[in-house]
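I opened this model to look up its domains, its sheet and its pockets. My notes follow in that order.

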Amino acid sequence: MEPSVLVDEKRLQKDFDALRELSKDPEGGVTRLAYTEAETKAHGYVAAEARKIGLTATTDAIGNLYVKLGGGHGRTIRIGSHLDSVNNGGNYDGAVGVLTGLEALRCLAQAKAQLRYPVELVAFRAEESARFNRGCIASEIATGGLKIKEAKAIRDSDGVTLYDAIKKCGYNPDKLEEAKWDKSGIKLFIEPHIEQGRVLEAKKVPVGIVTGIAAPVRHIVNIKGRTDHSGATPMNMRLDAVAAAAEMILAAEATGKEAFNAGKATVATVGMAIVPQGSINKVAGKAALYLDVRDASLTDRNYAEKTVLQRFKEIAKRRGVNVTTEETQRSKPAVTGKEVADVLLRACKKLKAGQMPIVSGAAQDSMHISNYGIPTGMIFVPSRNGISHAPAEFTEMKHIATAAKIVVTAIMDAQQG
Ligand SMILES: [Zn+2]
């Protein structure tokens with residue numbers, strides 16, 4: 001029997017309903033912040049469901065959850081994503097990858113599939129930046145990129161360190177390095193996820209095969225002009241930091257739009273602007289902008305970043321204000337593996353599921369896994385109206401079931417290789 005025919009849309013719906021019930025936020029949507037009881041309960045649900053099919057869930061030193069099926073000695077095929085959410089977030093971001101993985105295990109177990117390469121479901125902790133202002137934490141640890149020293153330094157808005165939050169959940173951050181994956185033992189990693197954008201819905205395509213994951217470069221831009229009296233200072237004698245900031249915000253937007261018009265995926269955003277000691281009766285002497293430039297292509301991202309920063313300098317020079325920039329993050333974009341993409345494409349073809357190539361604009365756990373050197377692929381399913389990180393986040397269960405079928409089919413296909 002072809003195990004993918006066992007994918008059960010109703011059973012998947014029950015899983016999503018159960019997770020929603022466990023972490024319903026009275027103010028709307030779900031709230032399952034990283035390393036909180038709500039996230040732990042969601043992991044507990046998956047562990048309990050695994051037990052129902054005779055499988056045992058295990059956890060590593062930082063609370064990531066693993067459920068393995070098949071005892072073959074071959075390298076493991078890992079499927080998964082995260083279960084945490086933002087405040088008042090949706091019930092699909094992350095959960096789609098974990099629950100389709102769980103459904104895949106059920107189908108493979110039920111079909112008594114012969115697995116030369118064992119299959120392992122992974123539920124990562126702490127993917128969202130919502131609590132610690134830093135995303136993809138557990139997958140970064142799993143790929144050796146985040147150490148104990150940093151875990152002790154990263155804090156949430158209440159001052160609780162990541163290290164203490166892990167400990168409070170009953171895990172052992174002192175052994176954080178034991179959570180690192182041994183890449184020689186892993187054949188490939190697949191992460192199904194919601195698109196969080198509008199492309200698939202607009203094109204009426206149920207599945208996106210991710211070709212690359214955009215990553216941000218971020219700068220804090222400090223503008224220094226001169227504080228003056230807004231009534232007593234003539235218009236031609238001002239060094240207005242806010243007016244300069246306004247021009248810079250538009251220059252960043254224009255750079256992104258030019259890239260878009262040139263057919264590129266680059267996005268450039270000033271998502272926050274601050275006027276320290278600003279007041280209605282002042283010409284502002286200081287302003288700070290938070291710039292975020294992203295692309296899955298490093299060449300295109302570098303070009304846009306250089307262009308934006310050059311334009312900021314020109315604006316500052318023309319206006320006689322001073323501008324300095326402080327780089328706060330430079331993440332490496334990920335190109336997902338052709339090997340895994342081919343397996344996923346074959347699965348779509350076999351299942352007659354429409355698909356298209358797509359770039360992930362959002363960072364994903366897969367970014368770290370791919371950059372770590374593990375063949376990685378992502379499947380996107382459509383987000384209604386492109387909405388995500390909000391209570392209105394929604395994906396039709398039939399599309400999620402399709403993703404589960406693709407996962408099962410891909411796992412069976414990968415058994416041949
Ligand atoms: Zn996510």
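**Domains**

I began with the domain centres: taken over C-alpha atoms, those of domain 1 and domain 2 are 36 Å apart. The assignment gives domain 1 as 3-213 + 333-414 and domain 2 as 215-330. These bounds come from an automatic or database domain assignment. Eight residues of domain 1 and six residues of domain 2 make the contact, where contact means heavy atoms within 4.5 Å.

I noted the ground rules here. This is a predicted model, in which local features need pLDDT of at least 70 and side-chain atom pairs count only at pLDDT 80 or more, while totals for chains, interfaces and linings use all residues. Residues are numbered from 1 along each chain as its sequence is written, and side-chain values use heavy atoms, with hydrogens and water left out.

**Sheet**

Next I traced an open sheet of four strands, in the order 9-11-7-12, with antiparallel pairing. Helices (H or I, at least four residues) and strands (E, at least two) are DSSP runs numbered from the N terminus. Two strands pair if DSSP finds at least two bridges between them. Strand 9 (267-274) and strand 12 are the edges; each has a single partner strand, so one side of each lacks a neighbour in the sheet. From one strand to the next, the twist averages 20°.

I then checked strand 7 against strand 12: eight bridges join this antiparallel pair. Arg218 has Gln329 in strand 12 as its bridge partner.

Which strands does helix 8 lie across? Helix 8 (residues 241-261) lies across strand 7, strand 9, strand 11 and strand 12, at about 5° to strand 11. Helix 9 (residues 298-319) also packs on the sheet, touching strand 7, strand 11 and strand 12, and its direction makes about 160° with that of strand 11. For these angles, axes are lines fitted to C-alpha atoms, for helices over the stretch in contact, and angles run from 0 to 180 degrees between N-to-C directions.

**Pockets**

I turned to the largest pocket, with a volume of about 820 Å³. A pocket is an open set of points on a 1 Å grid over the protein atoms alone, where a 1.4 Å probe fits, with protein on both sides within 12 Å along at least five of seven lines; lining residues have an atom within 4 Å of a point. A volume is the space filled by probe spheres set on the points, which are joined across faces, edges and corners.

I found 33 lining residues, with Ser129, Gly135, Cys136, Gln329 and Ala363 nearest the centre. Strand 7 (215-224), strand 12 (322-330) and helix 11 (365-371) each give two or more residues to this lining.

The second largest pocket holds about 600 Å³. Its 23 lining residues include Val199, Ala265, Val267, Val359 and Gly361, the closest to its centre. Strand 14 gives the largest share, five residues. Why does this pocket lie between domain 1 and domain 2? Both domains give residues to its lining, so I place it between them.
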